[in-house]
Amino acid sequence: MSFSDSESSSHGGSGEYKFFRQTCRDRLLYEMLGSSNAPNSKSWKVLIMDKVTVKVMSHSCKMADITDQGVSLVEDLFRRREPMPSMDVIYFIQPSKENVVMFLSDMSGREPLYKKAFVFFSSSVPKELVNHIKCDTSVLPRIGALREMNLEYFPIDNQAFITDHERALEDLYGEDVEKSRKFDACLNTMATRIATVFASLKELPFVRYRIAKSDDCKASSRDLVPTKLASAIWNCLLKYKAIPNFPQTETCELLILDRSVDQIAPVIHEWTYDAMCHDLLDMDGNKYVLEVPSKTGGQPEKKEVLLEDHDPVWLELRHSHIADASERLHDKMTNFVSNNKAAQMQQKARDGGELSTRDLQKIVQALPKYGEQVDKLSLHVEIAGRVNKIIRDTGLRELGQLEQDLVFGDAGAKDVINFLRTKQDASPEYKLRLLMIYACVYPEKFEGDKGTKLMQLAKLSREDMKVVENMKLLAGSSETKKASSGSFSLKFDGAKTKQAARKDRTGEEETWQLFRFYPMIEELIENLNKGALPKNEYACVNDPSPTAQAATTSGSVRSRQAPAAPERKTPAHSMRSRRTSTWARPNHSDDGYSSDSALKSVSLDFKKMGQRIFIFIIGGATRSEVNFHKKIASRFKAEDLDFTFEDHCCLMALVDAVASCEFVTSSPKA
């Protein structure tokens, strides 16, 4: 479906949402590339992009998609290019002076490089750049379109995007950031890219942010980052009210947080299949290198596979506990072989049974599909096997238990010291992550030289020891740390950690070990959905009108604008109780290859819902935070679900930072 088919707000009459990747893809292919297609014309075009817009395109579209829209050649704006005066050209570029100068250089003069230019800017264009283009009279007749796409975000799946600021924590929270030019540059670019998300989705949010706990006169630049970002985003959004069909009143909510809201979530080991793969395996993004037997009988060959949405087995199992995923993979492989006629016939042949000509014909017909299905299952059986082997070999289960016991108050200094003394062969990364968690839960244990002695006991390098100290930079100023309940010390609604132990309940699914930890963001989103976020901690840039403000006391924007859901009588629920919930068990056939249901589940999970909630975490988000919306879905019936959860900003950068033990470094890499 083209973007023009849904020009109204994405929460319009159909009650169906378009998600990040789908929206980005549709706009790029149909609104941009498709708009330059002349009626009944089959002429080819050239597509020119800069470094940023190439990333935007590559996150949503494949080369085949671009070719289908009549593009025969993709070029870099700043590379030497051959003249093609008989072909039209599409420019998808950022609105910078350098880019505009290069565009004018291509298209001006007696002999331009291309016939006609269709120019699309990724964000709002300053007036001086528009005037600069207008001043070149030789170029104006050769321009077929000049538009702002307002599309400069990078979707990593349907429910999450990044702003591509790998050094966001350093640029915004490092030492002496007030004196750095990178601070304002990072903040403004981040705001611009976030705003283009709402321009694309045709949503206008209430922009909420976490307030610095100290007075503005005492707060440092680090304390005020969420405040400044919220203001910058709102200034960008105000410009979009002139866009046709853009909402004039608020339609959703955006909550801006930073990593100080929960410093443990990025460090603690997550035990889902997805998290374990990225944490323990040597993966490049979503790329996994698999060794397969050589067809010639030589050394095993390396084969690259992508763990993405097109893989139905990955879609089904990625959010499951690793133990649950392993069990289900074994069951799927067993059931597939027992239910597959071709496999049964092959087994019969191996057992010496006679096969009729008809049997052989069925085998031949079934083999291609059979082989593809087995390859999918075999891939994940091998991956899960490798993950489980690493867990056993490194003693990760014992470490994971200690991590969670620390968070829930079931372990203390003696347990940490005992682990460091008895497990001296544990990897430096594991010991570093343990001490980072310990510092968050018990910051008083790191006062004076106590922390140094602990880190020396762990035999950490000076660089790693600095990582633990740098966590304090995220907590803000000393005044902030004393007043805040969610800074360097992790607390749950002000309650003592000892009171946060998991409470098992009968009559539920089996509880998997090491699955009780949950990110603080769960409580924030539930409070936001109920309109219960404390106003003295979370403010709104665009304060609602008095009428709307009165309505806020009884519910959030979703409950005000959507029909009230019927009251549900549910048993008492413990937030500390973590189980393999129904959200991790989509309806799939046992062959593990029900691709239709698997692929549809990506977009059908949230067909019926009210207004949306968007969460932006400055500095990155963990997988448990990104997938929080699925856990919410497990607590309510699908038809009662009235919001989505969407998490953004530097997701992969933070995961990579944790993996390489470079958390909140204050100096750039060498």
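Biologist: How exposed is Arg 21?
Modeller: Arg 21 is partly exposed, at a relative accessible area of 22%. Buried means under 20% relative accessible area, exposed over 50%, and partly exposed in between, with a 1.4 Å probe and protein chains only. Bear in mind that this is a predicted model, where local features need pLDDT of at least 70, side-chain atom pairs count only at pLDDT 80 or more, and totals for chains, interfaces and linings use all residues. Residues are numbered from 1 along each chain as its sequence is written, and side-chain values use heavy atoms, with hydrogens and water left out.

Biologist: Which residue does Arg 21 form a salt bridge with?
Modeller: Asp 309, with the closest N and O atoms 3.9 Å apart. The criterion is a side-chain nitrogen of Lys or Arg within 4 Å of a carboxyl oxygen of Asp or Glu. Arg 21 sits in helix α1 and Asp 309 in the loop between β11 (301–306) and α10 (312–317), so the pair links parts of the chain 288 residues apart. Helices (H or I, at least four residues) and strands (E, at least two) are DSSP runs, numbered from the N terminus.

Biologist: And Asp 309, buried or exposed?
Modeller: Buried, with a relative accessible area of 18%.

Biologist: How many salt bridges does the structure hold?
Modeller: There are 24. In one of them, the side chains of Arg 612 and Glu 203 meet at 4.0 Å, N to O. Arg 612 is in the loop between α23 (595–604) and β13 (613–618), and Glu 203 is in the loop between α7 and β8 (205–210), so this pair ties together parts 409 residues apart in sequence. Arg 612 is buried at 0% relative accessible area, and Glu 203 is buried at 0%.

Biologist: What about Arg 318, which partner does it have?
Modeller: Arg 318 forms a salt bridge with Asp 274, and their closest N and O atoms are 2.8 Å apart. Arg 318 lies in the loop between α10 and α11 (322–339), Asp 274 in helix α9 (residues 273–280), and the two are 44 residues apart. Both Arg 318 and Asp 274 are buried. Elsewhere, salt bridges that share partners join Glu 316, Asp 324, Arg 328 and Lys 332 into one network.

Biologist: Back to α1. At what angle do the axes of α1 and α7 cross?
Modeller: Roughly 75 degrees, with the axes of α1 (residues 20–33) and α7 (residues 181–201) coming within 10 Å. That makes α1 roughly perpendicular to α7. Axes are lines fitted to C-alpha atoms, for helices over the stretch in contact, and angles run from 0 to 180 degrees between N-to-C directions. Angles under 35 degrees count as roughly parallel, over 145 as roughly antiparallel, 65 to 115 as roughly perpendicular and the rest as oblique.

Biologist: Which residues meet there?
Modeller: Phe 20, Thr 23 and Arg 27 of α1 meet Val 197, Ser 200 and Leu 201 of α7, where contact means heavy atoms within 4.5 Å. By class, the α1 contact with α7 has three nonpolar, two polar and one charged. Nonpolar covers Ala, Val, Leu, Ile, Met, Phe, Trp, Tyr, Cys and Pro, charged covers Asp, Glu, Lys and Arg, and the others, Gly among them, are polar.

Biologist: What about α14 and α16, at what angle do they pack?
Modeller: About 10 degrees, with the axes of α14 (residues 396–407) and α16 (residues 428–441) 9 Å apart. The two helices are therefore roughly parallel to each other. The contact includes Leu 399, Leu 402 and Glu 403 of α14, and Leu 434, Ile 437 and Tyr 438 of α16. It has ten nonpolar, no polar and one charged residues.

Biologist: Changing topic: how many aromatic pairs?
Modeller: Ten. Rings of Phe, Tyr and Trp (its six-membered ring) pair if their centres lie within 6.5 Å; planes under 30 degrees apart count as stacked, over 60 as edge-to-face and the rest as tilted. The rings of Phe 198 and Phe 614 have centres 4.9 Å apart and planes at 65 degrees, so that pair is edge-to-face. Phe 198 is in helix α7 and Phe 614 in strand β13, so the pair ties together parts 416 residues apart in sequence. Both Phe 198 and Phe 614 are buried.
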